[in-house]
Every structure is written in structure tokens, then in C-alpha cells.
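Let's take a walk through this structure together, starting from one residue and then stepping back to the whole chain.

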Amino acid sequence: MHYAFLGSPVPAAVLLIAACSSAFAAVTLPALFSDHMVLQCDKPIPIWGSATPGEKVQVLLADRRAETAADVDGKWRVDLAPLPAGGPFTLTVKGRNTVKVADVLVGEVWVCSGQSNMEWPVSRALNATNEIAQADHPSIRLFIVRRHAAETPQEQCVGQWRVCSPKTVPGFSAVGYFFGRDVHGKTGAPVGLIEAAWSATALEVWTDSETVRDNGAFSEYRAWWGRTLEIYKARASASLEVYKRDAEEWPKRAAEAKAKGEPPPPKPLPPLPDYCYPSRLFNGMIFPLVPFAIRGVIWYQGEANTARADDYRRCFPAMIRGWRRLWKQGDFPFLFVQLANFGPQAPDPGPSAWAALRDAQRDALQVPHTGMAVAIDVGLADNVHPPNKQEVGRRLALLALNKVYGHNVPCMGPFYRA
């Protein structure tokens with residue numbers, strides 16, 4: 001991304017004064033609008049940023065252009081007319097200064113979100129060495145949203161678009177990459193993949209606060225969360241340092257209580273991490289992406305919710321609707337992975353929390369424009385992170401090719417009927 005001030009060269013001292021003045025703010029763009037980005041094809045293209053209040057802003061891309069003015073808070077947005085897949089282009093934004101974003105492609109943009117199995121990198125996938133060596137795909141672009149839990153919705157995220165190559169792919173989501181590689185291979189269109197994932201996280205932290213607060217589907221969860229907070233208020237330490245001290249002292253205190261014939265004190269709990277609180281990952285990692293134009297979402301999550309499958313059955317559809325409501329791009333495709341096989345097989349199978357969660361995931365197919373990639377046959381009994389991410393990505397891609405891109409390909413196996 002390149003910045004230039006209009007007119008003749010400006011002395012450094014003048015630039016310093018201008019930079020320090022509260023009366024002037026350069027036109028800026030969020031991190032999503034940076035060199036090597038992909039913009040969604042065949043849809044209106046929202047572009048937004050900040051400037052001095054009232055400042056006129058002009059946006060140019062290919063043969064599309066639009067003008068607006070920053071509002072009283074210094075925010076501005078334009079919506080460019082749709083473009084077909086193609087590029088590269090240069091995105092130019094002009095105000096008192098000029099911003100140029102180079103090597104912009106127009107194609108298919110997908111958000112890749114969830115917990116650890118979505119975050120699991122290509123470097124730890126099956127046959128990683130060969131996969132990385134063959135990952136030379138200049139028309140696939142990768143963006144990783146830096147982990148951030150926030151109490152309130154954030155306008156900015158931290159990340160950088162990178163051209164897919166053996167140097168850039170190892171740390172990217174394996175499921176996301178293999179999905180995008182197949183979509184690109186079958187459609188020929190450029191593909192932009194935005195990874196926003198965090199290991200060991202529950203559905204509720206990815207759900208917007210309005211949905212958690214007002215949607216009846218979350219009533220039991222809200223009660224459970226309230227009880228959890230009360231426990232932590234009573235037993236959690238104020239900081240990790242205090243917790244470590246308390247944990248070291250607890251065995252001695254428990255032994256002293258036992259010697260006196262008294263019950264031992266409750267074992268201390270560490271502070272509850274920010275990423276455990278409802279909506280905080282939505283606020284910090286998903287909300288900053290809105291209203292970036294996307295084709296859809298792929299989702300791999302559920303392991304952290306296996307103890308509360310009944311909640312998941314109600315809350316997962318509500319989360320999907322909440323994302324769509326805030327994005328305001330209609331019922332965009334939401335394709336998800338059903339949990340893989342994990343854990344030893346019981347000699348006398350009884351109720352299974354993982355099976356109940358899989359059934360809750362299946363129920364979400366009642367939500368329009370969703371699809372489910374079955375993964376039970378690619379799991380491992382002793383590994384919650386099965387390395388065969390190629391097959392998971394392929395099955396998600398088959399769903400997209402069939403349901404989104406109109407290809408006549410089989411996209412799912414048989415479904416349980418009775």
C-alpha cells in the first residue's frame with residue numbers, strides 16, 4: 001500500500017506539523033484493503049476507511065469509480081458496481097492524500113473460521129512437505145486475522161494479504177487452503193481466503209452480542225454462563241501470578257484442613273481468559289471484516305461444545321443468522337464440517353456427547369443455504385486433530401462447487417433416515 005500527498009514535494013517540517021495536527025487526518029484504509037488482496041466478483045464492492053470529517057474521497061478500481069465525503073466521525077464508505085473475475089488492478093483512493101493498493105484481484109472470497117481444526121496449519125497436515133512444495137498458486141491469496149478478543153466490536157483487525165506460495169502457505173489453515181485450491185482449480189477464478197480461527201473456542205464466543213443477549217436460543221446458555229461466572233468470582237485468582245502462588249500453596253492448606261478435620265478449601269481457578277467470554281472473538285476477529293464482500297463462510301468448530309449439544313442445536317443456527325444479519329449480504333453460503341471420529345469405541349456404546357453434537361450440527365441444515373461436510377471417516381480415535389485435512393477441504397469444496405457454483409458434482413454421501 002502506497003501513500004502520497006497531492007501536489008509538489010512538501011518539506012519534512014511541514015509534513016511533521018500536518019501529521020501532528022488534529023485538524024488533518026490522512027485518508028486511510030483498513031488492513032483488509034492492502035496489496036495482493038482479492039475482492040469479491042459479481043457483487044457490489046464495499047470500500048471504506050477514514051479521513052478528515054467532511055473530506056471528499058474518490059475511489060477508483062478498473063473502470064469503476066465512486067465519490068463520497070467523510071462523516072462527522074471521519075468515516076466514509078462507497079459501494080463500487082460489481083466486477084467480473086479478473087485482474088490484477090490497482091485500487092486508488094484519493095482525498096488530500098492518495099492511497100494506492102497494488103496487485104488487486106477480483107474473484108471468490110471465503111471466510112474460514114472456527115476452532116483448532118480450522119486453525120490447523122498446512123505445515124502439520126498429511127503429506128505436508130509435498131503439499132507445501134506444490135503450493136505455487138499466484139491467483140490464491142491468503143489473509144490471517146491476528147487473534148484478538150475484544151469486549152466491544154472492533155473496526156480494525158490486524159493482518160496482511162499474501163500471495164499463496166511455498167513460503168506463505170505453511171502457517172495458513174490447511175482446511176481453508178485445500179478448500180480454496182480445489183475451488184480455484186475447478187472455477188478458474190482467483191480465490192481470497194480469510195482465516196479467522198482460534199483453538200479451543202466455543203460457538204458462543206463467535207456469536208454477536210445482540211444474538212446472545214436477545215435470542216431465546218441462548219437462554220439456557222446465558223443461565224449456564226451466569227453460574228460459571230459466579231464460580232469464577234468466588235474462586236478465580238485476580239492474575240496468573242496470584243493463581244500460581246495460590247496453586248502452590250493449596251496442597252499445604254488442604255493438608256492443614258484435613259489435619260484439623262475440616263473440609264479442604266476450594267482449589268483455586270486461574271483467571272478466565274478473554275477468549276472464553278461470549279461474543280469476544282466475534283467482536284475482535286469477525287466484526288472487523290464486515291461489510292467486506294464475500295461469497296461465503298466455511299466453518300469447522302464444535303469440539304468445545306460437545307458437553308452442551310442441546311444448546312448447540314439451538315444456538316448454531318442463530319449464530320449463522322446473526323452473521324448474515326450484520327453482514328447485510330443476504331443468505332450467503334455457510335458450509336460447515338461435522339465433527340470427525342474421536343475417542344475409543346466403548347464396548348457397550350451408550351449416549352455419546354460427540355454423536356449428540358454431530359446430530360445438532362446436522363439439524364443446522366434446516367437453515368437455508370447451508371451445507372455439511374461429513375468427516376467421521378477421516379478422524380482418528382487418538383487424535384482430535386486428524387491430519388487428513390485434504391479430504392475435509394475437498395468435501396467442503398464439493399459442496400461449494402455444487403451448491404454455489406452450479407457444477408454437476410456429487411457433494412455429499414447418504415444421510416441417516418431411520
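C164 sits in strand β10, which covers residues 161-164; strands here are DSSP runs of E with at least two residues, helices are runs of H or I with at least four, and both are numbered from the N terminus. This is a predicted model, where local features need pLDDT of at least 70, side-chain atom pairs count only at pLDDT 80 or more, and totals for chains, interfaces and linings use all residues. Residues are numbered from 1 along each chain as its sequence is written, and side-chain values use heavy atoms, with hydrogens and water left out.

C164 is buried, because its relative accessible area is 0% (buried means under 20%, exposed over 50%, partly exposed in between, with a 1.4 Å probe and protein chains only). Beyond its neighbours within four places in sequence, C164 is in contact with A135, D136, H137, P138, I140, L142, V169 and Y177, contact meaning heavy atoms within 4.5 Å. F292 lies 128 residues from C164 along the chain, and their C-alpha atoms are 21 Å apart.

Now step back to the whole chain. Its secondary structure amounts to eleven helices and 14 strands, and 50% of its 418 residues are buried. Of the contacts between residues at least 6 apart in sequence, 74% join residues at least 24 apart.

How far can you trust the model? The average pLDDT is 93, and 94% of the residues score at least 70; pLDDT is the predictor's confidence in each residue, from 0 to 100. Over residues 5-22, however, pLDDT stays under 50, and the model has nine contacts beyond four places in sequence for them.
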